[in-house]
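Subject: the model you asked for

Hi,

Have a look at it first and then read on.

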Amino acid sequence: MRRPRFGLLAASLVAGLGLVGPGTATAVTVPPRFDHVVVVMEENHSFNDIIGSASAPYINGLAGRGALFADSFAITHPSQPNYVALFSGSTQGLTSDSCPHTFTANNLGNELRTAGFSFTGYSESLPADGSTVCTSGEYARKHSPWVDFSDLPSTVNRKFSEFPTDFTTLPTLSFVIPNLLDDMHDGTVAQGDTWLRDNLDAYVQWASTHNSLLIVTWDEDDNSQNNQIPTLFVGAHVTPGRYTEHITHYSVLRTLQDAYGLAPLGNSATATPITDVWQ
């Protein structure tokens, strides 16, 4: 069993983060099957931009309460191929942020639905449920990959304003995509941090006692750190700590697939699932 190890956050933040020493995790070979998982994708910042930053007090607080992966990497540049990779195990040949695209490949959303689970993607500023528009105000379809897969119905594509306040009604797994101002793409780190706190902290508080999980990750870095990005797991069964194994978007996908007994897709088949953070 790999034991979590802490590194230091910026000295100015450590005292206020409430970091706790790592607990004792039970060795597992399969991740827990959560009642609900929410995956939030942020934009275009490296690990060092966020972890230890005074502009991101909420996210650093989550890092202290959950599992922080200190060797987490995106797949490529630019943005869109990373979203598609996390969702389907492959970039599907994408090398740009162009739109629209239609893919016939299998994907996490379809796998879940086929296996009797449920999936929904919630996008802030989506103009209407089921919309396939490429852009609308601060909404960008390139960040909502489920729209591009032909085996998913339009009903899984919903506005973030419909994210439930009764968390028991959440789908098994959902993606939450802030708009371009609130995902740190066009807005600031502080703005994205505040949005996450204001919109998802209630779920975070609930998840730890209701067999549920929040995953926060980034699409890519800002070309400053070889595509190293923050990735956090916060919620039930998580042993807090700083974990140093190398992971990618494919590792996160494989972990979710293993949790629900789904077949690995594409490059997730050779990725190692994350099993050392669970208690």
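One term before anything else: buried means under 20% relative accessible area, exposed means over 50%, and partly exposed is what falls in between (1.4 Å probe, protein chains only). Helices (H or I, at least four residues) and strands (E, at least two) are DSSP runs, numbered from the N terminus.

Now the caveats. This is a predicted model, so local features need pLDDT of at least 70 and side-chain atom pairs count only at pLDDT 80 or more, while totals for chains, interfaces and linings use all residues. Residues are numbered from 1 along each chain as its sequence is written, and side-chain values use heavy atoms, with hydrogens and water left out.

Let me start with helix α3. Seven of the nine residues in α3 (residues 57–65) are buried, so the helix is largely enclosed by the rest of the structure. Those buried residues are Y58, I59, N60, G61, L62, A63 and G64.

Next, the strands. All seven of the seven residues of β9 are buried, so β9 too is largely enclosed by the rest of the structure. S212, L214, V216 and W218 point one way from β9, L213, I215 and T217 point the other way, and all are buried. What does β9 pair with? β1 runs parallel to β9, over seven bridges, and E42 stands opposite W218 in β9. Strands count as paired if DSSP finds at least two bridges between them. β10 is antiparallel to β9, with five bridges joining the two; V216 stands opposite L232 in β10, and T217 stands opposite T231 in β10. β10 is also joined to β2, again antiparallel, by three bridges, with A67 opposite F233 in β10. As for cover, five of the five residues of β10 are buried: T231, F233 and G235 on one side, L232 and V234 on the other.

On to the packing. By nonpolar core I mean a set of buried Ala, Val, Leu, Ile, Met, Phe, Trp, Tyr and Cys residues joined through side-chain atoms within 4.5 Å. The largest nonpolar core has 41 residues, of which V37, L108, W146, F175 and F233 touch the most other members. At least two residues of this core come from each of β1 (36–42), β2 (67–69), α4 (79–88), α5 (108–114), β8 (173–177), β9 (212–218) and α7 (249–259). Another core, of 34 residues, lies apart from it and includes A56, M184, I229 and L232.

How many aromatic pairs does the structure hold? There are 20, where rings of Phe, Tyr and Trp (its six-membered ring) pair if their centres lie within 6.5 Å; planes under 30 degrees apart count as stacked, over 60 as edge-to-face and the rest as tilted. F87 and W146 have ring centres 6.3 Å apart and planes at 65 degrees, so this pair is edge-to-face. F87 lies in helix α4 and W146 in the loop between β6 (139–140) and β7 (157–159), so the pair ties together parts that are 59 residues apart in sequence. Both F87 and W146 are buried. F233 and W278, by contrast, are stacked, at 5.8 Å centre to centre and 25 degrees between the planes. Here F233 sits in strand β10 (residues 231–235) and W278 in the segment after α7, so parts 45 residues apart in sequence are tied together. F233 and W278 are both buried as well. Finally, ring pairs link Y122, F160, F163, F167, W195, Y203 and W206 into a cluster.

Last, the sulfurs. A search of the whole structure gives one disulfide (cysteine sulfur atoms within 2.5 Å). C99 and C134 form it, with sulfur atoms 2.1 Å apart. The torsion about their S-S bond is about -90 degrees, so the disulfide is left-handed. C99 is partly exposed at 28% relative accessible area, and C134 is partly exposed at 24%.

Cheers
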